[in-house]
Amino acid sequence: MKRFLFFPLWLILCYCCICNAQTSLPTNAIKIGKCVVRGKVPAMLAMKSSLTVVYNDFLTSSADIYDLSIDAEGNVSGEVPLYSLYAYAGVKLASEENAVIAYTLLSQNDTIRVLVNDQKNLKVEGAKCSSVFKTSDWLTFVDDGSRYLPRKESRVIAKFPVKKISEYPSATTVEDRKILVNKLKINYYAHLLDEMQVRKVILPISAYAFLNDIVFDDKILYASPGTDYLFYFLLSDKSLNIPSIGDTPIPEWKEKLRRRLAKIPYKPNELFCDLMACSSYYFQLETGKLLTAQQLQNIHTGFSSGEWDKLLLLYNEQEVKTQARSGHFVDCAEKGQPQTLKEILAQHKGKPVIVDFWYGACGPCAVMSKLLYKVLAEEGFENVELLDMTSPSLTSVEAWQNMKGKQGGWHYMLKDAELEGIMKQQQAEGFPTLMFYDKSHQLVKTKVGQMSEEELRQSLNIIR
């Protein structure tokens, strides 16, 4: 499933600047806060540099990215919306020569200070971070559970270990400690489940006794990114054998869920059951199956907490728009097909166009592709054509068809020489490369690398 091709944030950041702006939960469904970013860049670097914040969030498969503003005097400003109480993040300084990343902890209602000196050294300070955690121990705590929870080899595992964490970093309040410990446990157990699935280890139902070690309350929704991964494994596990919700009324399905989990033994609360039901619908949508008329009726009355019906309706509407954009494959090596970019553009006369150059092994390309389809599904952008392009040296025909088979738009397999010529002409030395054309097919903008969701919308508004 496309949602679960996830990586640790540090790997994403080191590989490239990953952008994945998923649809947010409804405002009233979870607690939403923000982290204010302020700082200073030397004036001589202000117009030659960019600053971005990359971080993991609730119900996202990789990371979100937000651009910070730098004025002519070098003053840095920005606000990062947070659906988590804490989020592990990287602040990236990019200039013409290189890029530097500093890691930090974002927290709601905090102010992060970003400082850059004349030598382009990057320093990030959080007012709340310095008081909540001793030294840099919080980075290890947020990102790596192995130091705080015991591990066993998968070949001898009978059930996951349940043990009170005693070595967590000091936090300012008891409530903070509870939230952070719970967050760590969720990430840790989700990681173990992923490991078991990769190794094709079938766990006994008793292994899921670790659920008794996690607190499922409203704080899980804004303090524990990775929760959706946990629910995915629970719903897909062969030992638990939890049926998909289908057209079953939600209260009836939740009763079946409770009976099934009683064999662990585990007694779920109402929020846990709601999250499992919502996840079952959500994973159905992720496979491209729209909600049925009966399901749409069920979700209006079946949930006991939050606004999960609004969330699911939002996802369903997006999937409807995505499927409406049927995909077209064009191999430019075949007889009678267009051979050059100019000939391709001529086939889309009178429409604004985005050309997306990508290759199969490029993780940022896949994330950017997903963002493109999400934003293009929004009202006002229906007339914009998406033309993604690759070549045989970058992606095999089989991989091309497999990767783009469920995506709309136009998929072109260019000849290697044509793609190389276009990239050289545009001085584009990386992937993804995006080219924005207006209705007259005048090139308005070329962007190498990923874009934030807001920057993408701004570019689309120029050409539409």
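Author: One definition first: contact means heavy atoms within 4.5 Å. Please also keep in mind that this is a predicted model.

Reader: What covers the buried residues of α8, and which residues of α8 are buried?

Author: Seen down the axis of α8, its buried residues fall within an arc of 100°, so they line one face of the helix. The cover over these residues includes α7 (227–236), α9 (270–286) and α10 (293–301). The buried residues themselves are I250, W253, K254, L257 and L261.

Reader: How far does helix α8 reach from its first C-alpha to its last?

Author: Helix α8 runs through residues 250–261 and has 12 residues. At 1.5 Å a residue, a span of 16 Å is expected, and the reach from the first C-alpha of α8 to its last is close to that, at 16 Å.

Reader: How many residues of α9 are buried, and how far apart are its end C-alpha atoms?

Author: Helix α9 is mostly covered, with 16 of its 17 residues buried. At 1.5 Å a residue, α9 should span 24 Å, and this agrees with the distance between its end C-alpha atoms, which is 24 Å.

Reader: Which residue with a positive phi follows α9?

Author: The phi in question is near 90°. The residue that follows α9 with this positive phi is G288.

Reader: How many aromatic pairs does a search of the whole structure find, and what is the angle between the planes of Y208 and F210?

Author: The search of the whole structure finds 12 aromatic pairs. Y208 and F210 form one that is tilted, at 5.8 Å centre to centre, and Y208 is buried at a relative accessible area of 1%, while F210 is buried at 0%. The angle between the planes of Y208 and F210 is 40°.

Reader: How many residues apart are Y232 and F283, and which residues form one aromatic cluster with them?

Author: Y232 and F283 form an edge-to-face aromatic pair, at 5.6 Å centre to centre and 85° between the planes. The pair links distant parts of the chain, with Y232 in helix α7 and F283 in helix α9, 51 residues apart. Both Y232 and F283 are buried. The residues that form one aromatic cluster with Y232 and F283 are F233, Y282 and Y315.

Reader: Is D388 buried or exposed, and which side chain does its own side chain join in a polar contact?

Author: D388 has its place in strand β11 (residues 385–390), and at 1% relative accessibility D388 counts as buried. Leaving aside neighbours within four places in sequence, D388 is in contact with residues including D356, Y373, W410 and Y412. The polar contact, of 2.7 Å, joins the side chain of D388 to that of H411.

Reader: Over the face of which residue does K404 lie?

Author: K404 is among the residues in contact with D388, as is W358. At 4.6 Å from the ring centre, K404 lies over the face of W358.

How values were computed:
Residues numbered from 1 in each chain as written. Predicted model: local features only at pLDDT ≥ 70, side-chain atom pairs only at ≥ 80, totals over all residues. Heavy atoms only, no water. Helix = DSSP H or I, 4+ residues; strand = E, 2+ residues; numbered from the N terminus. Expected span 1.5 Å × (residues − 1). Buried < 20%, exposed > 50% of the residue type's maximum accessible area, 1.4 Å probe, protein only. Arc of directions from axis to C-beta. Phe/Tyr/Trp six-rings, centres within 6.5 Å; stacked < 30°, edge-to-face > 60°. Lys NZ or Arg CZ within 6 Å of the ring centre and 35° of its normal. Polar contact = N/O pair within 3.5 Å; in protein donor to acceptor, adjacent residues only side chain to side chain.
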